[in-house]
Structure formats: structure tokens, C-alpha cells
Amino acid sequence: MPLVNAKEMLTKAKAGHYAVGQFNINNLEWTKAILLTAEELKSPVILGVSEGAGKYMCGYKTIVGMVNGMLEELGITVPVALHLDHGSYEGAKKCIEAGFSSIMFDGSHYPIEENFEKTKELVAICEEKGLSIEAEVGSIGGEEDGVIGMGECADPNECKMIADLGVTMLAAGIGNIHGVYPENWPGLSFETLDAIQEKTGAMPLVLHGGTGIPDDMIKKAISLGVSKINVNTECQLVFAEATRAYIEAGKDKQGKGFDPRKLLAPGTEAIKAKVKEKMEIFGSVGKA
């Protein structure tokens, strides 16, 4: 099945009161693990690519080629979107040219007027090319490729202003944070989320920083209109832990040297298990 934009899968998720998982990819092994798990669970999935990961993986065209090749070789039948995560204005245009099926333009660090104008231009381009587009209002806490936010809550009126441009989905800050949550984190602002949902109506909402948010908060967020949840740090943590344990156990020595296929296998299996766990929490299993 070829890459699809995310509009249909997220519209179905919003109506069905579940969320589609976006799992960020960093290499071939991660991508393969996520695709195989999505296929096994018959769940739609979004492959997220940060600009940093794009550089690491030799550019956006390389990523598009790798993902398209895997879809064919692995016989993937579930809907898969390839999505730029927290993209800059320039990065979004590069991904459109490279063949991504979905982009995110993160204009949250600009004044709202500039965010509005840049988002408006990219919406027009995506509509012409049949891509889905995500916009952001209110910075997400933590750090993402050098962009640092304090986890502020978005203004519902500004959210409506951006949503009315015709974006496919909207990421709004509701106190969520990238990375590991501190012990004194006050939790998600459901009051803010409810107000945004009321202003934006049928617009699928996005929850960034899905790592470490308690399951009950995740499910409540879904009930208030969240249709896409991003997960990255949890996959990084389980991959690193499994790989480290394999090396410390001395199992990585194969003959005269090291076999990277065996070295990375435990981490890959750990990602499969984590993706399965998250898809079950999000309620997307069997929704393809």
C-alpha cells in the first residue's frame, strides 16, 4: 500500500474516539519494527521524522525511498503516513518536494500573526499536492531539535484562528512536555483542551510528548478530541536499555568481530513491544 496523507485516518479516529500513534523513526531498524507491528495489529500508523533525524538518515529523499521500499517489500496493507515532525518553514517545503505524505509546520515560536501567514501558505501548497498538514499553537515543553518550550497552554481563540486556515490537525500546548516528565509536573490542562475542542469542532487534535503521560490522562485527552499522539522518548529509552543489556551480557561477540544485525535485534524487539503497548492504549488496534 502506498503512503497516504493522514486526513482519513485521523477523521476516523476522531469519530471513533481513539487515537492514531505517531512513532518517530531514526533508522532502518526502528522503521521496520513500527511497520511490522502496525501490520500485525491492523492499526493505521504515522511515521514521524524530526529535522535532526532527517539529517542523520542522509536526507528526506533517502527516508522516502527507504519507507516506500519497506511498504512494498514487507507487504504492508495498513494506512501509513510519512510525516515531518516539528518542521521549520524551510524544512516543510523540503519534505513536500522529497515526497512526504504529511508535514508539520511548527510556527508556535513565532508571533501568532507570522505563524498564521506561514501556515496559510503551506496549507495552500499541501491542498494542491494532496498532503496533510499539522500546525502548532502554544509551544510544547522540553526540547525538540533545539526548539525549547516551557509547556505553556495555548490560547483557544488562537487555535481557532489557525484551525480555520484548513489545517488537517492541530497541536496545541496543554502543559505537555517533550522527553521525560519531571516529578513536579502538574499534569495536562484538560480545561484548556476542552476549550480548544469547543472552538475547533471536528478538527483532530494532536498530543505531543506522549512519553510518560499516565494512561488515564491519555484516555481522557482522547475523549476530548485528541486523535493523534506522538511517542518518541519511550522508544529511545527501551531501545537503549535493550541494546545496553545485550552488550553487557557479552552476547554481541560473533566470531572475529561484531554483527550489527544481532547487536540491534534486542532493541528492535523492544520497540515492537512498546509500539504494541501504545497502540493498545490509544485504541487504534484493528482500525486499519
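1. Start with lysine 42. This residue counts as partly exposed, at 38% relative accessibility. Lysine 42 sits in the loop that links helix H2 (28-41) to strand S2 (45-50). The phi of lysine 42 is positive, about 55°, although the residue is not a glycine. Keep in mind throughout that this is a predicted model.

2. Is histidine 86 buried or exposed? Its relative accessible area is 12%. Buried means under 20%, so histidine 86 is buried.

3. Next comes helix H5. Its buried residues are Tyr89, Gly91, Ala92, Cys95, Ile96 and Ala98. What do they pack against? Their partners are helix H3 (51-56), H4, S3, strand S4 (102-105) and helix H6 (112-129). Glycine 99 follows H5. The phi of glycine 99 is positive, near 110°.

4. The largest nonpolar core holds 81 residues. Which of them touch the most other members? They are Ile25 and Leu82. Helix H4 (residues 60-73) gives the most to this core, with 7 residues. As background, nonpolar side chains in soluble globular proteins tend to be buried together.

5. Leaving out residues up to four places away in sequence, leucine 82 touches Leu3, Ile25, Leu47, Val49, Ile63, Val64, Val67, Phe100, Ser101 and Ser102. Ile25 is on that list, and Ile25 and Leu82 are the two named for touching the most other core members.

6. Alanine 171 belongs to strand S8 (residues 169-172). Not counting residues up to four places away in sequence, alanine 171 touches Met104, Glu134, Ala135, Glu136, Val137, Val206 and His208. Alanine 154 is 17 residues from alanine 171 along the chain. The C-alpha atoms of the two are separated by 9.4 Å.

7. Step back to the whole chain. It has 11 helices and 12 strands. Of its 288 residues, 57% count as buried. Take the contacts between residues at least 6 apart in sequence: 72% of them join residues at least 24 apart.

8. On overall dimensions, the C-alpha trace spans about 65 × 45 × 35 Å along its principal axes. Does that go with a compact or an extended chain? A compact globule of 288 residues would have a radius of gyration near 19 Å. The chain has 18 Å, which agrees.

9. Last, the surface and the charges. The chain exposes about 12,600 Å². Carbon and sulfur atoms supply 53% of that area.

Definitions and conventions: Residues numbered from 1 in each chain as written. Predicted model: local features only at pLDDT ≥ 70, side-chain atom pairs only at ≥ 80, totals over all residues. Heavy atoms only, no water. Core = buried A, V, L, I, M, F, W, Y, C linked by side-chain atoms within 4.5 Å. Buried < 20%, exposed > 50% of the residue type's maximum accessible area, 1.4 Å probe, protein only. Helix = DSSP H or I, 4+ residues; strand = E, 2+ residues; numbered from the N terminus. Contact = heavy atoms within 4.5 Å. Rg over C-alpha atoms; globule rule 2.2 N^0.38 Å. Areas by Shrake-Rupley, 256 points an atom, 1.4 Å probe, with all protein chains shown as cover.
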